[in-house]
Amino acid sequence: MNPSQSPSVAPAALTAAGAAQVRAAFAAERAKGLRAKEAAEAAGSSEGEAIAAHAQQWQAEVGSLQVQPLAAPEGAWVEVLKALEACGPVMALTRNASTVHEKTGVYANLSAGGELGAQVGIALNEDIDLRLFFASWHAGFAVTETSAHGGSTVLRSLQFYSRAGRAVHKVYARDASDLQAWQALVERFAVAAGADAASLPGFDAPTPRKPVSVPADSSVDVAALQTAWAGMKDTHEFFSIIKKAGAERQQSFRLVQGQFAWPLAKDSVTALLNEASFTSTPIMVFVSSGGCIQIHTGPVQRIEPMSSPNAEWINVLDQGFNLHLRSDLIAHAWLVEKPTSDGTVTSVEVFDAYGDLMAMFFGARKPGKPELASWRALATGLPRLNAEPVSA
């Protein structure tokens, strides 16, 4: 967010001239082969602003990228997601700066509000498993993109953005999707083509990315942190425990290092995925965009590294689940243990150089059940920075 703006003040929408400039700069970067997020950033805008610049209100000509702004009834974006159930199998995509999580399935069992709070939702399904934080959802668009090279490929998606223009969640139609139901959804929630352009969502001006704020160790009540951690009964207590102690997440690991957390080697994610594939150990993979946490539960099979001149990736390329993680951006990895009423729950958490959480890995587990012994053996056997084993 622009520091000079109050959160209560809506960012200004694009002017027609500004939208044309954004479209031209974005198209020039896309022509170089860049994906939408990277192209928008290279053009000096956010991805959300670049997509908004192609809205029907701005773009008189028909191009390869056609965008229809969406409006959620009374701001309830969960209603848009609920309507996806009629579309059948679709692909859910949640990403952050370093990691992309893709799951194919049906949106079902969606709810929001109640004990979760008005701005928190959940999708609880075997394939589409989401935790939704709608306070971060600022704008939504239905996007249709045709091949820029004259092909017949058409990509249809729903894309949701924060006011900073970062994608919080995307949904893509697939071959098995019901396109009539998809079109009905778009027509139901679309902003009228003749709407006043000033009423369309604007986005905050792009700002440089900043490291996570970490308080001084001396300000953290370490004794209280250790005591509360040892007395944890449920992993969901963790956030409130570190907040009460005044600690940042990764800082809390460092302050209980050797007791509940141990630093891992940077190649631990690759080792984890390869071992999980080799041993058929089902795992859980969490990736957060800030507005959505997307979860995969189950085995992983095809693990593929990929190199390019500017990036190193480790990928899961399975039917129904893809993960793309920038292994070259891993700055810190941790093995973390949390006591619960069902026994110790072990996770592997990976952070980039800014201190942002890239992904979290757990063993597949149901509430009320202890974690898998095979997962604990796998996690505690990962390479560590100090090469000291953790007792399994």
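Here is a quick briefing on the fold, the charged pairs and the cysteines of this structure. This is a predicted model, so local features need pLDDT of at least 70 and side-chain atom pairs count only at pLDDT 80 or more, while totals for chains, interfaces and linings use all residues. Residues are numbered from 1 along each chain as its sequence is written, and side-chain values use heavy atoms, with hydrogens and water left out.

**Overall fold**
- The protein chain has 10 helices and 18 strands (DSSP runs numbered from the N terminus: H or I of at least four residues for helices, E of at least two for strands).
- Its radius of gyration is 22 Å, close to the 21 Å that the globule rule gives for 392 residues, so the chain is as compact as a globular protein of that length (taken over C-alpha atoms; the rule is 2.2 Å times the number of residues to the power 0.38).
- Buried residues make up 48% of the 392 (buried is under 20% relative accessible area, exposed over 50%, partly exposed in between, with a 1.4 Å probe and protein chains only).
- Of the contacts with a separation of 6 or more, 61% join residues 24 or more positions apart (contact means heavy atoms within 4.5 Å).

**Salt bridges**
- The count comes to 16 salt bridges (a side-chain nitrogen of Lys or Arg within 4 Å of a carboxyl oxygen of Asp or Glu).
- Glu41 and Lys37 pair up at 3.0 Å, N to O, and both sit in helix α2 (residues 36-42), 4 residues apart, about one turn of the helix.
- Glu41 is partly exposed at 47%, whereas Lys37 counts as buried at 19%.
- Asp204 and Arg163 also meet at 3.0 Å, N to O; this pair links distant parts of the chain, 41 residues apart, and both residues are buried.
- Arg209, Asp352 and Asp356 are linked in a network of salt bridges.

- Asp318, in strand β14 (residues 311-318), is buried yet has no salt bridge.
- The nearest side chain of opposite charge to Asp318 is Arg302, 6.8 Å away (Lys and Arg count as positive, Asp and Glu as negative; His and the chain ends are not counted).
- Arg302 does form a salt bridge with Glu304, the closest N and O atoms being 3.4 Å apart.

**Cysteines**
- The structure holds 0 disulfides (a disulfide is a pair of cysteine sulfur atoms within 2.5 Å).
- The sulfur of Cys87 is 17 Å from the closest cysteine sulfur, in Cys292, so it is too far for a bond.
- Cys87 is buried at 0% relative accessibility, and Cys292 is buried at 0%.
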